[in-house]
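Thanks, everyone. I'll take one structure today and walk through its backbone. Please have a look at it first.

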Amino acid sequence: MIDSHTHSLHSHDGHETILSMIRKAKKLGLVYLAITDHLDLDYLFCETSSERKLNIKKYHKSFQRASFLQTISSLKGVQLAFGVEVGYSQKSVSLYKEELPQYPFDIIINSVHTLNDIDLYHFLPKNQPAEKKEIFIDYLNAVYDSIDPGYEYDVLGHIGYVSRYVTYFKKNLLFDDTRDIIDMILKKAINLDKTIELNTNVKSLPQHTIPESAIIKRYRELGGENLTFGSDAHLLNRIGDGYENARQLALSCGFKYWTIYLKRIPKKILIN
Ligand SMILES: [Zn+2]
Ligand SMILES: [Zn+2]
């Protein structure tokens, strides 16, 4: 069992110390745990948001200390990865280009949390358009742009994030109006050799993963091979959460391996 996407207290919305997360991972039998705290330079351009910025130096120090303590304790056996989740927006590209190469990240997740300087988490529940396709197509265009952003990254974070915060009766991302753009996204990800994550932080959605199973199936049909699992845990009790559902989905679509990253180099490990 692995977990490629988790948050510690260094994230503005995180709560747990890195050491307590390693302890939990050890207890669950994880062989790989990536801590991927939020670096939200996209929020700098959003009026609605007052999130505090990640102190990467402090986060890195704290990661190194926890890694050291792991090596001299009974917590050995969990491969740790120092990661980050960046929030893509066109305006923040140059900032990431400058900032990201300064730190020795093992894994970089690139996610879309904002659209046209609007933070979807705060904005959507009260202001969603009458037509679902309006916001979903805008969101998918941003995801498409984010695949080749001009800075280095490894994993496309939670494709379908928008579904978490809408109240339409049907929240699925794949439907007639989005079929073409989703194919374009998946093909571009395949061409650039990026990894798609099965994110199980689905809030109240009826599905088990973001993206939903039909999209993962399509990704495989198109020749996609790079898949990883991420709980997107912000609390200890969510580390590894939903793994079994994700595992079954991955196997049923024909995937045999998870892709994990160390020093930004992909590695395949058997899904079990
Ligand atoms: Zn995210
Ligand atoms: Zn996250």
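Start with asparagine 116. It has 10 C-beta neighbours inside 10 Å, so it counts as exposed; the cut-off for that is 12 or fewer. Keep in mind that this is a predicted model. Where does asparagine 116 lie? In the loop between β5, residues 114-115, and β6, residues 118-119. In general, most residues other than glycine have a negative phi.

Aspartate 117 is in the loop between β5 and β6 too. Its phi is also positive, about 65°, and it is not a glycine either. Exposed, or partly exposed? Aspartate 117 has 16 C-beta neighbours inside 10 Å, so it counts as partly exposed.

One more backbone point. Isoleucine 210 and proline 211 are joined by a cis peptide bond, with omega at about 0°. Most peptide bonds are trans. Proline 211 sits in the loop between β8, residues 195-199, and α7, residues 213-221.

Now the sheet. Seven strands make an open sheet, and the pairing is parallel. The order is β1-β2-β3-β4-β7-β8-β9. Which strands stand at the edges? β1, residues 2-6, and β9, residues 227-230. Each has a single partner strand, so one side of each is left without a neighbour in the sheet. Further in, β2, residues 32-39, runs parallel to β3, residues 79-87, and eight bridges join them. As one example, isoleucine 35 has phenylalanine 82 in β3 as its bridge partner.

There is an antiparallel pair as well. Six bridges join β10, residues 257-262, to β11, residues 265-270. Tyrosine 261 stands opposite proline 266 in β11. β10 and β11 form a hairpin, with two residues between them. Lysine 263, in the turn, has a positive phi of about 50°.

Last, helix α5, residues 132-146. At 1.5 Å a residue, its 15 residues should span 21 Å. The end C-alpha atoms are 21 Å apart, which agrees. Which residues of α5 are buried? Lys132, Phe136, Tyr139, Leu140, Val143 and Ser146. Seen down the axis, the buried residues of α5 fall within an arc of 110°, so they line one face of the helix. What covers them? The cover includes β4, residues 107-111, β5, and α6, residues 179-191. β5 brings us back to asparagine 116, in the loop between β5 and β6.

That's my tour. Thank you.

Conventions
Residues numbered from 1 in each chain as written. Chains lettered and ligands numbered in written order. Predicted model: local features only at pLDDT ≥ 70, side-chain atom pairs only at ≥ 80, totals over all residues. Pairing = 2+ DSSP bridges. Helix = DSSP H or I, 4+ residues; strand = E, 2+ residues; numbered from the N terminus. Buried ≥ 20, exposed ≤ 12 C-beta atoms within 10 Å, placed from the backbone. Expected span 1.5 Å × (residues − 1). Arc of directions from axis to C-beta. Contact = placed C-beta atoms within 7 Å.
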